[in-house]
Every structure is written in structure tokens, then in C-alpha cells.
Amino acid sequence: MSKKQKQTLWRILASAVLLAAAVLLPLEGWFRLCAFLVPYAVIGWDVLWRAARNISHGQVFDENFLMALATLGAFCIGEYPEAVFVMLFYQVGELFQSYAVGKSRQSITALMDIRPDYANIERGGELVQVDPDEVSVGDTIVIKAGERVPLDGVVLEGKSTLDTAALTGESLPREAEPGDDVISGCVNLSGLLKVRVTKAFEESTVAKILDLVENSSSKKARAENFITKFARYYTPVVVIAAVLLAVVPPLLGLMHWTESLNRALIFLVISCPCALVISVPLSFFGGIGGASRAGILVKGGNYLEVLADTEIVVFDKTGTLTKGVFNVTAIHPGECSEERLLELAALAESYSDHPISRSLREAYGKEIDAGRVTDVEEIAGHGVRAEVDGIPVAVGNDKLMERVGVEWHPCHRVGTTVHVALEGRYLGHIVISDEVKEDAVQAISALKAMGVRKTVMLTGDTRAVGEDVAARLGLDEVHTQLLPAGKVERVEALLKEKTGRGKLAFVGDGINDAPVLSRADLGIAMGGLGSDAAIEAADIVLMDDKPSKIAAAIRISKQTLRIVRQNIVFALGVKLLVLALGALGMANMWEAVFADVGVSVIAILNAMRALRAGDR
């Protein structure tokens, strides 16, 4: 409990004791009034101060104004005990709300407690602890067993295992050895690591993740915006209604002024919109925190809302449904040897970071002589053209062969076919195969179970490869041999197939699919661990490579929206019922307190369930 919460608790206890004394003492007249004003001042001075301050700033109609008006009005009509009781129970409710919100924030902070406190850097032959902000790119840091990785970098020395649970939600540690990338926020479990820093702290993975979580509340869902607008109009309306309830019946001779004022004051206490104003944003905040716990970063409550309505999910293939780890499975030369065909392909692709290029270099297995390669041109969706030993070489798919005017022939093997041409002559082709992820089949079936109507795969790969993967996974539709622009066109067409409030989500690697990610209703980046482009381009980032997390994200969003709707219906239903009873004189001040404080407490308890949405 915070210092402020403790102070409020002591004020509540002191006011309760003073109130009990005022009720028990046989006082009359001004002495009785003063006896009740003391506990009222102890418990309500801050509410009166906030109401006066807000009125001076032009913000009249809020819960502070309503409570001040209702309780001071009760004093005016001689209902002293009720006035103090209402303020006392209002403060009890506020204390509970503050504690609940604080606990939710603490839970999310604990889940995302990944900010490193220090970095070890060698200076003068000794290890010195410095703030991560003070470390520059290129510096070497030392990470001991049990310490958190402070900055992104590359392992220079040492072997260890890293706990990535705070980032990915996965308990299985990852191996780290020389040459491996490590990202900030992980915990070094065993050996000593020396790491060369590759990113300044403000550009590191942990800094970007924390920024996303901290700013997620700024992107409000429709339900949150509705509640904000609702409260803006609702409060002045009920104040005007209370004034009319206080004035009109006595003027018409229907009741005495004291009775009409009492009904109006009860009406005001009931009308406080605290339950809605606090519980709805808290529900979304909890849902985002629960998703973070499962390794799913959601950039705002609005994206949770869209995710719950997803009916079409479109996947990229490589790195999303497949591992993106390519292996050479066949070499079919025509006019040269297998060794020569593979050598030309590896040299031409030596400057590319594409997974296929890496697999060709790995299969070649020899050190690349960069001096033999010049005039490299990488053509998106086609392949690479370069000069190897001064001779033009083209390495890529059938589109590239057609582009350079070379006759080619297809391969009977299922896989990605990489054709090689030298000086306009077709030399043969190499077959490269990708492996489907272990949980990809489970991911598609889980999406169907969550109510997704259609699953589609878009790929630049050949028809044979694309249809083979789609058949194994049980996808509804597949489109192959697509360039980036073609993927956007397909998404445009699929967007027209949506029904009602249904949404389309695109799942990609967040690097090559940025145009499609931004065009879809919802962009989901797979394998976002350490990827700047993924974090920037997508609305939701899955912090590991598991497509099954998409169904988990949809489940969390649906549960969060269900909690939000429960709170809206419950709070409005109870308030409208008790407001009607209060206007008819059938509700007293105690029922009014329940309609305000009691409903708020119940709604907040329900909202806190969203924080556990990612536990399953």
C-alpha cells in the first residue's frame, strides 16, 4: 500500500470514530452540526478541494462535484449522519479502486520488469557497473551468470543459456555461443558472456518493448472512447435532472421541498459514473498486461478490439508458417558440374541476407572470396544478378530467367527452385526446401475453433511448394508466385470479402511485408524478437516464432471484450434501476451508496480478471 493510500486509510478510520461519537453523543442544534462537520471535514476535504479547483478550471461536472453537491445538500436539509456516511463510503470505494489499479499496474510492471539496472564494462582491467545509457555501440560488456542482458549485441566469448520468459512467455532457455545475437531483457542463466554492443540502449529491444507497453493506453478502443464521451454528456444531464427533481414537484404542489431535495440528493449520489470510467480502461489495461505475460505485445486497446472481430487471417509463408531455415535438398546441373553450379549460386548470392541466400552459402561450405563478385543487383521477388569473375550470372526463380531471356525447365522435386544462368546460358537449378513449424497445424485448427472464417496463405514461392504447404496445414486458400505488390492486391481483394464487423489480420515477418501489414485491418508480426522492423510495422508483435500464439491473442482479446461488456451492462443496469427508484422515492441514501461505490468495486474486481487472460 502506498503512502497516500495509508493516509487515506487513517483518515477513514479517524472519521469513522468521530462519526460514531457524533451519533452517540446527545447533542442538539449547532453543537450537533459541528459534531458531524468534524468527521465530514476529515474525510471529505480533498473531495471538496478538487471540486472547487475543477470548477475554477471550467471542469464542473465530475464525480467530485456530484459528491460535494450531494453531501453538502444533505447537511442543508438536516441529514447530517447520511452526509458523512456517503462521503465516508465514497472514500472507502476510492481507496479500494486506487489499491486495485495499483495492484494491476504492479502486476504488469512485474511481468515486464525487463529494464536492466546496470551494465558491466571493463575499464583499467576492472569491471565497472555503469548505466546502460552510458554504453556506446561497439563497446564490450560482460554479463555474469544471473544478470540481465542490458543491451543488444553479439557474443564474442563464452557459452551460456538465456532465459527469455519475460520477452516470449516461454520457459525453455535459449543457447548462446560466440557469433550468436543476444537481446536485452533476457537473463543469463549459467556461463560468463562477453558481448559486443550493437545498439544504443534507446534503440535496444528492451527500450522499445517498454515504450510500447507504457504508451499502449494512449490508443483507446471504441468502448473506451464511448465511455469517455458518455461521461461527458451523462454527468451534466443527471445534474440537470436532479435540479428538476428538486424544484418541479414542490412548485406543482406534489411534495414538500425537504422530500424533493432528499430525492434529488439520492439521485446525484447514484449517478456517479465511477464504475464505468474506471473499470473499462482498467479492463483493457489488464488485457494488454495479460497478453504481455504470454509474450504478445499489443500496441493499444483499439487493436485488442479489432483482434476480437477477426474473421480472415492471411499468412505469409516463409518465417511465419515455415521455419525460414532452408536446406539444399537437390542439385540438378545441366552444362556443368554440381560443384560449379553451387559455387556460382553461392558467390552471386553472397551479399544477400535472404534465407535462401544463406542456405546456398552454407551448402557451398567454403569461404567466399568477395573480390570475385561485382555489380550485384538484388531484384525483389526475382533473385540476384551479378558478375562472378567478370562474367554475368543470374540466380533466382523462373521470373528472373524470363526477365533475362533464358530458357529454363521446371523440377519434379517439391521445393523452392533456384535457377542459375551464366552469360545467357541455362546451367541448371538447385532445389531448396523449407520446414513447416511444429505448431503450424495446431495454429490453423485453433484459429478455426476461435471462429476465424477463412485462413489464407500468400507466398512468392512456386505453386507446387505453396499448395503442398497449404494442404499439409489445412489452409482454406493459397496464392503463389506473388511479388510484394501482388500480396497487397490479394489483401485488397480479401478485404472486400469481410462480413459485417469482421476484420482481416495479416501475419508476416514484419520486415519484407510492411506494405501488407499496414494495409490490413490488423498487422501481426511473427518472430518479432529483436526485430526493429517488426515492432515498428505491426500492431501486434508476437515475441517468438509460434503461430499458435495468434489464437491465444484472439482468445485474450475476446475475454477482455467480454469483461468490458459485462461491466458496461452491469453498471448501467444497476444505476438506471436505482436512479428510477430514487426518483420515485423508493431508494434511500444507503442504496444510493451501493449504486455508486458498490457497483464500482464489483466492476473493478471483474476488470482485474483480464490481467489473467493470458495464463492459459
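**Close-up views of strands and cysteines**

**View A. An open sheet of 3 strands in the order 6-5-8.** The pairing in this sheet of the predicted model is antiparallel. Strand 6 (174–176) and strand 8 (187–188) stand at the edges with a single partner strand each, so one side of each is left without a neighbour in the sheet. Strands, like helices, are DSSP runs numbered from the N terminus, where a strand (E) has at least two residues and a helix (H or I) at least four, and two strands pair if DSSP finds at least two bridges between them. This is a predicted model, in which local features need pLDDT of at least 70 and side-chain atom pairs count only at pLDDT 80 or more, while totals for chains, interfaces and linings use all residues. Residues are numbered from 1 along each chain as its sequence is written, and side-chain values use heavy atoms, with hydrogens and water left out.

**View B. Strand 5 beside strand 8.** Strand 5 (residues 160–163) and strand 8 run antiparallel and are joined by 2 bridges. Leu162 has Asn188 of strand 8 as its bridge partner.

**View C. The hairpin of strand 1 and strand 2.** Strand 1 (residues 119–123) pairs with strand 2 (residues 126–130) in the antiparallel sense over 5 bridges, and Glu122 stands opposite Leu127 of strand 2. The hairpin has 2 residues between the strands, and Gly124 takes a positive phi near 60°.

View D. The structure holds 0 disulfides, a disulfide being a pair of cysteine sulfur atoms within 2.5 Å.
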